[in-house]
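Reader: Could you show me how to read a few features of a protein model? I would like the general idea, then the case here.

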Amino acid sequence: FFFFFQAEDGIRDPLWSRGLGDVYKRQGKVMLHLYLGCLKLFSYPSPLAALYEVLKAQEEQTNLYEQFHIHRMLSRIEDQIIKKDTSDDASKEIDMLIKFQQLLAEMQDNMQEALKLYIGFWKELQDESPNFQYLGNIS
């Protein structure tokens, strides 16, 4: 092994060099994640999948150029998520969810009322002298 300084983006660090190929491979990996993020953000509108790719790129050691593109992609993803959240589809989904919760609460109330009537009916039948008028009203 040879120990020498390797220049990368104007910063000189002492590293065990394996050749310049490592620098190019790393830069290609970062840019590949960014390109995949763009594809997933704009071609298949999936901001979460794009965010995953950008975060994978951010995990790598990046230079200033790559950091700029990562920041730019993160702001575009944020804009698309905000835009998606404020769209009519999101408000329709929220309205449907609220209506579903209201119907579910109404159904639970009806089930409780039916259960009280059912229990009352069978209690009345078990009495020594059941009130048949009450039983008729229940059914």
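Predicted model: local features only at pLDDT ≥ 70, side-chain atom pairs only at ≥ 80, totals over all residues.

Reader: Which residues form the largest nonpolar core?

Author: A nonpolar core is a set of buried Ala, Val, Leu, Ile, Met, Phe, Trp, Tyr and Cys residues joined through side-chain atoms within 4.5 Å. Buried means under 20% relative accessible area, exposed over 50%, and partly exposed in between (1.4 Å probe, protein chains only). Here the largest core has 10 residues: Val-30, Met-31, Leu-34, Leu-41, Ala-50, Val-54, Ala-57, Ile-70, Met-73 and Ile-77. Two or more residues each come from α1 (21-43), α2 (47-59) and α3 (64-85), and α1 gives the most, with 4 residues. Helices are DSSP runs (H or I, at least four residues), numbered from the N terminus.

Reader: What does Leu-41 touch?

Author: Contact means heavy atoms within 4.5 Å. Leaving aside residues up to four places away in sequence, Leu-41 touches Ser-46, Pro-47, Ala-50, Met-73, Arg-76, Ile-77 and Gln-80.

Reader: Is Met-107 buried or partly exposed?

Author: Met-107, in helix α4, is partly exposed, because its relative accessible area is 43%.

Reader: And where is Glu-124?

Author: Glu-124 is also found in helix α4 (residues 88-126). Among its contacts beyond four places in sequence are Pro-130 and Tyr-134.

Terms used: Residues numbered from 1 in each chain as written. Heavy atoms only, no water.
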